[in-house]
Amino acid sequence: MCKADEKPKLLVFDLDYTLWPFWVDTHVTPPFRKKGSDVVDSHGQMIRYYKEVPDVLKHLSEEGYELGIASRTSEIQGAKQLLDLFNWSRYFKYKEIYPGSKVTHFSKIQKASGIDYKNMIFFDDEHRNIVDVGKLGVTCILVQNGVTHALIENALKNS
């Protein structure tokens with residue numbers, strides 16, 4: 001846990017059912033592309049994200065937080081493509097996107113950033129990931145209906 005006068009240094013997000021409401025490896029079909037201002041999959045299905053996510057990411061970035069991604073998806077290229085098409089890649093300094101335990105993702109993020117686990121907050125929709133990463137000393141927040149301003153504010157206030 002961070003000290004009361006010290007804000008967390010790094011916020012890490014899962015992707016599926018955290019930043020967008022689907023599994024990128026099963027619910028949509030890459031490759032993705034822009035169609036006007038929309039993003040669509042290879043079947044023309046519109047790809048949506050949780051409504052508040054772009055504003056949340058922009059705000060956190062402007063506030064000076066370092067941001068990262070820890071995703072276990074097997075659709076690595078598709079996930080990265082969506083981050084680019086949504087214009088979110090610019091917000092994330094650390095991107096660990098591949099199958100396996102999120103403990104591995106966090107180990108790599110910790111080594112690359114030099115930030116102690118206790119100064120990180122992790123947002124994920126899966127309880128097992130919250131449990132695994134929490135054992136490292138990371139403050140973990142279970143996301144139930146996507147990332148929102150209220151969820152972030154509450155996490156930062158209580159970390």
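This is a predicted model: local features need pLDDT of at least 70, side-chain atom pairs count only at pLDDT 80 or more; totals for chains, interfaces and linings use all residues.

Me: OK, how many salt bridges does the count come to?

Reply: By that rule, 6 salt bridges. In one of them, the side chains of Lys-93 and Glu-66 meet at 3.4 Å, N to O. Lys-93 lies in strand S5 and Glu-66 in strand S4, so the pair ties together parts 27 residues apart in sequence. (Helices, H or I with at least four residues, and strands, E with at least two, are DSSP runs numbered from the N terminus.)

Me: Is Lys-93 buried or exposed?

Reply: Exposed, with a relative accessible area of 55%. Glu-66 counts as partly exposed at 24%. The cut-offs: buried is under 20% relative accessible area, exposed is over 50%, and partly exposed is in between, using a 1.4 Å probe and protein chains only.

Me: And which residue forms a salt bridge with Asp-124?

Reply: Lys-102, with the closest N and O atoms 2.6 Å apart. Asp-124 lies in strand S6 and Lys-102 in helix H3 (residues 102-113), so this pair ties together parts 22 residues apart in sequence. Asp-124 is buried at 0% relative accessibility, and Lys-102 is buried too, at 1%.

Me: Switching topic: what order do the strands of the open sheet have?

Reply: S5-S4-S1-S6-S7, which makes 5 strands with parallel pairing. Two strands pair if DSSP finds at least two bridges between them.

Me: Which strands stand at the edges?

Reply: S5 and S7 (139-142); each has a single partner strand, so one side of each is left without a neighbour in the sheet. Further in, 4 bridges join S1 to S6, and Leu-10 has Met-120 in S6 as its bridge partner.

Me: Last one: which residues touch the most other members of the largest nonpolar core?

Reply: Phe-13, Trp-20, Leu-67, Leu-82, Trp-88, Phe-92 and Phe-123, out of 35 residues in that core. A nonpolar core is a set of buried Ala, Val, Leu, Ile, Met, Phe, Trp, Tyr and Cys residues joined through side-chain atoms within 4.5 Å. Apart from it lies another core of 14 residues, including Tyr-94 and Phe-106.

Notes: Residues are numbered from 1 along each chain as its sequence is written. Side-chain values use heavy atoms; hydrogens and water are left out. A salt bridge is a side-chain nitrogen of Lys or Arg within 4 Å of a carboxyl oxygen of Asp or Glu.
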